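My notes follow in the order I looked things up.

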Amino acid sequence: MSGGIGNERVAAQTLAWVEHAVVGLNLCPFAKAPFAKGQIRCVVTDTDDARVLLDTLCAEMRALVAADPSQTETTLLVHPNVLNDFDDFNDFLGAADAALEDLQLDGVLQIASFHPDYRFDGSDADDAANATNRAPYPTLHVLREASIERAVESDADAEAIVERNLQTLEALGADGWAELGAHWR
C-alpha cells in the first residue's frame, strides 16, 4: 500500500493540504485536534484498478474500526492512479457506500470524498464552494460516526460551517486558492 518515494510524496502533499486548507482555513473545525495529535492515518495506494481500490477501502474500514481511537481517529485513503476523472470517482462512491453496508459498518463509519476536480451537483466547475472538497489527489476519508457526533455536539454552531466555508472561499478567491495550493504541490 504505502511505500515508495512517490507514495511518501503523495502522503506529504495530502497532509500539507489538511494542514493548510482543511485546518488552516478552518474548513472542518473538527479536523484540528486529530491533526495536531497525529491521529490521522494517511494511506496511499498505487493501484490503478478500481476493484483493488474497493478491496483496499474495505481493509482500511476494518482497520479503523479495530484501531484505538486515541491512536487513529480517522483515515485518508489517497489513490492518485485511479478514478482521476471526477465522474468516475463520483460513480465509485456508490460502490464505497455499498461496501460500508456490506461490512455492516453503516452507522459506525462514514465516507467523505475529496477530489482535485470536485464539483457539487448543479454547480459550475469554478464555483468557490467546490474547493471545500478539493484535495491534491482523489481521496476517500473514512470517519468514525461517534467522532462526528461528539464534534457536532461540542460545536453549537455546527450548522453554520457550510455557510462560513463558502464565505471564506469566496473571500479567498481562485487566485488565493491557487496560491494556498503552493503548500501542497
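**Entry 1**

I began with T74, which is found in strand β2. Helices (H or I, at least four residues) and strands (E, at least two) are DSSP runs, numbered from the N terminus. I noted that this is a predicted model, where local features need pLDDT of at least 70 and side-chain atom pairs count only at pLDDT 80 or more, while totals for chains, interfaces and linings use all residues. Residues are numbered from 1 along each chain as its sequence is written, and side-chain values use heavy atoms, with hydrogens and water left out.

Is T74 buried or exposed? T74 counts as buried because its relative accessibility is 7%. Buried means under 20% relative accessible area, exposed over 50%, and partly exposed in between (1.4 Å probe, protein chains only).

I then looked up the polar partners of T74. Its side chain makes a polar contact of 2.5 Å with the side chain of H141. The T74 side chain also reaches the backbone oxygen of V142, at 2.8 Å. A polar contact is a pair of N or O atoms within 3.5 Å; within protein, one must be able to donate a hydrogen and the other to accept it, and residues adjacent in sequence count only if both atoms are side-chain atoms.

Leaving aside neighbours within four places in sequence, T74 is in contact with Q39, I40, R41, L64, H141, V142 and L143. Contact means heavy atoms within 4.5 Å.

I followed the contact to Q39. Q39 lies in the loop between α2 and β1. At 9% relative accessibility, Q39 counts as buried. With neighbours within four places in sequence left aside, the contacts of Q39 include A33, P34, P69, S70 and T74.

I checked the length of α3. It has 17 residues and reaches 24 Å from its first C-alpha to its last, close to the 24 Å expected at 1.5 Å a residue. The expected span is 1.5 Å times one less than the number of residues.

What caps the N-terminal end of α3? D49 does, with a side-chain oxygen 2.7 Å from the backbone nitrogen of R51. I listed the buried residues of α3 as L53, T56, L57, C58, E60, M61 and L64. They pack against β1 (40-44), β2, α4, β3 and β4.

Next I took α4, residues 86-102. Its 17 residues should span 24 Å at 1.5 Å a residue, and the end C-alpha atoms are 25 Å apart, which agrees. At the start of α4, a side-chain oxygen of D85 reaches to within 3.1 Å of the backbone nitrogen of D87. F86, F89, F92, L93, A96, A99 and L100 are buried in α4. Their cover includes α3 (50-66), β3 and β4.

**Entry 1: positive phi values**

Just after α4, I found Q104 with a positive phi of about 55 degrees. L83 is not a glycine either, yet has a positive phi of about 65 degrees. L83 is found in the loop between β2 and α4. L83 is buried, with a relative accessible area of 12%.

N26 has a positive phi near 60 degrees. I placed N26 in the loop between α1 and α2. N26 counts as partly exposed because its relative accessibility is 33%.

**Entry 2: pockets**

How much space lies in the largest pocket? I read about 1100 Å³. A pocket is an open set of points on a 1 Å grid over the protein atoms alone, where a 1.4 Å probe fits, with protein on both sides within 12 Å along at least five of seven lines; lining residues have an atom within 4 Å of a point. Grid points are joined across faces, edges and corners, and a volume is the space filled by probe spheres set on the points.

The largest pocket is lined by 38 residues, and L27, C28, F30, H141 and L143 lie nearest its centre. Elements giving two or more residues to this lining include α1 (5-23), β2 (74-78) and β4 (139-144).

The second largest pocket has a volume of about 190 Å³. Its lining residues include D126, R134, E170 and W177.

**Entry 3: D175**

I ended on D175, which lies in helix α6. At 69% relative accessibility, D175 counts as exposed. D175 and L143 are 32 residues apart in sequence and 31 Å apart in space, C-alpha to C-alpha.
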